[in-house]
Amino acid sequence: MAGTSRKHPMLRRSRAMWGSRRVWQPRLVFWAGAVSIGVISVLFAVLADKAQALFHMMIGDGGGRRFYLPLAITPLGFVLCAWLAHAFFPGSQGSGIPQAIAARHLREDDDRNHLLSLRLAAGKIALTVVGLFCGASIGREGPTVQVGASLMLQAARWGGMAQARGLILAGSAAGIAAAFNTPLAGIVFAIEEMGRTYEARTNGLVLTAVILAGLASLGLLGNYTYFGVSKETIAFAADWPLVLGCGIIGGGFGALFSLLALKITRRIRRWHTQQPLRRALLVAAVCGLGVAVIGIASGGLTFGTGYAQARGAVEGAPLPWFFFAEKFLAGLLSMVSGIPGGIFAPSLAVGAGIGSSLGLLFGASAGAAALLGMAGYFAGVVQAPMTAFVIILEMTGNHDNVIALMLASMLGYGTARMISHEPLYHALSRVFIAEAIRRRRAETVPEPGQG
């Protein structure tokens, strides 16, 4: 054996290299980061569910006086979240996915720190949970992406790894995979939405992060499908008009949401320039009041993520025909309010509502219509058709409707592209990139009298 080592010095060097701390430390830190994403995602999900349950317990299910508590609680909660985000956690506002996309385009570590850090991750989780406790129409899935990217970027710093862009991508994919228990959707999301310029060399990072985060999630919660198991089968001969309707109408509403969100957000930003904090809190209060009024008018259906309503529709219980419009408005107000919170789960609820209404119109199965509506609307909002149909397939455990969901997603995407040419997350990410550039320029411009 010693003779073999003497004859093959490369083999000896290879053994020494693999036994060195410099080689193993980055890997161990990376693996620990991926596992922590899975654990924290599960904890986040539990806290979010408890916050929603407490809100509904507080307001009650009937029409008594307590049912009108949201008129006070929701606006105050929005103001509190907006103030904390502005004062202590700047960069935590909104979904979190635009921040992760922006961080991949920034080259300086200091610029990334303003968007991805352990402090921001903690603030994102806390403020999203507070928002759900106040009845906001937000989700935890987008915030989990920012949390996952923050954890992985911090792991890169501790482990001395240089692949910041690839690690942000891996953390984002792991966040989606752990949030929904959808590993394939996490990978597709990384390729299609997070990395429009996806690099093949990041395959190993993304796959490893998704596997380890998924294993951690499975270890804590077991194997489950997000919306239960759907046994609905879409018959093309009978359901062809429904597929077309859900794809085109769902995509049209998705594009409308994206277009309105971008236009309103830009106007609010321009209006904020004079008195940023005061006006931010005023916007949050008005949006919170609007969400409360819509929630009371809907009988409480539009408060929170909309998970229960979407799951009920997937399982065959039709939603009120006007639910999708109410949830659409509640989600839009929650998004433009400036509080931390995502749009994934509310978008799926809106899509399920659109599908349910079209199912009633076409006389089709409510469950099948809800699936198609989710695919069309979600693809229209994020303009990521592959992510839309893969995530819905994995969340329902039904692989009999692949072609129908593909078609609804593509129709939704195509319709959205004709109405809104800017993908929502990427358009919002440019705001964070512009802020980083302005901040960098301000730091490099000398003060008067210094030259």
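Threonine 396 sits in helix α18, which covers residues 385-396. In this predicted model, threonine 396 is buried, because its relative accessible area is 1% and the cut-off for buried is under 20%. Its side chain reaches the backbone oxygen of isoleucine 392 at 2.8 Å.

**The largest pocket**

- The largest pocket has a volume of about 1,000 Å³.
- Its lining counts 32 residues, and those closest to the centre are Gln93, Arg269, His272, Phe432 and Glu435.
- Six helices each supply at least two lining residues to the largest pocket: α4 (70-87), α5 (97-105), α12 (236-272), α13 (276-297), α15 (323-336) and α20 (424-444).
- Which helix gives the most to this lining? That is α20, with seven residues.
- By residue type, the lining of the largest pocket holds 15 nonpolar, 13 polar and four charged residues.
- Both domain 1 (26-221) and domain 2 (237-435) contribute to the lining of the largest pocket, with at least three residues drawn from each.

**The second largest pocket**

- The second largest pocket holds about 400 Å³ of space.
- Its lining is made of 27 residues, and Asp49, Gln52, Arg140, Tyr226 and Tyr307 lie nearest the centre.
- Helices α3 (21-59), α9 (164-180) and α14 (307-314) are the elements that give two or more residues to the lining of the second largest pocket.
- Of these, α3 gives the most, with nine residues.
- The lining of the second largest pocket divides into 15 nonpolar, eight polar and four charged residues.

**Aromatic pairs**

- The model has eight aromatic pairs.
- One of them joins tryptophan 83 and phenylalanine 88 edge-to-face, at 5.5 Å centre to centre and with 90 degrees between the planes.
- Phenylalanine 253 and phenylalanine 324 form another edge-to-face pair, with 5.4 Å centre to centre and 75 degrees between the planes.
- This pair links distant parts of the chain, since phenylalanine 253 belongs to helix α12 and phenylalanine 324 to helix α15, 71 residues apart.
- Phenylalanine 253 has a relative accessible area of 28%, so this residue counts as partly exposed.
- Phenylalanine 324, at 16% relative accessibility, counts as buried, because the cut-off for that class is under 20%.
- Which residues do ring pairs link into a cluster? They are Phe253, Phe257, Phe324 and Phe328.

**Where the topics meet**

Notes:
Residues numbered from 1 in each chain as written. Predicted model: local features only at pLDDT ≥ 70, side-chain atom pairs only at ≥ 80, totals over all residues. Heavy atoms only, no water. 1 Å grid on protein atoms, 1.4 Å probe; cavity = no way out; pocket = protein on both sides within 12 Å on 5 of 7 lines; lining within 4 Å. Points joined across faces, edges and corners; volume = space filled by probe spheres on them. Helix = DSSP H or I, 4+ residues; strand = E, 2+ residues; numbered from the N terminus. Nonpolar A, V, L, I, M, F, W, Y, C, P; charged D, E, K, R; others polar. Domains from an automatic or database assignment. Phe/Tyr/Trp six-rings, centres within 6.5 Å; stacked < 30°, edge-to-face > 60°. Buried < 20%, exposed > 50% of the residue type's maximum accessible area, 1.4 Å probe, protein only. Polar contact = N/O pair within 3.5 Å; in protein donor to acceptor, adjacent residues only side chain to side chain.
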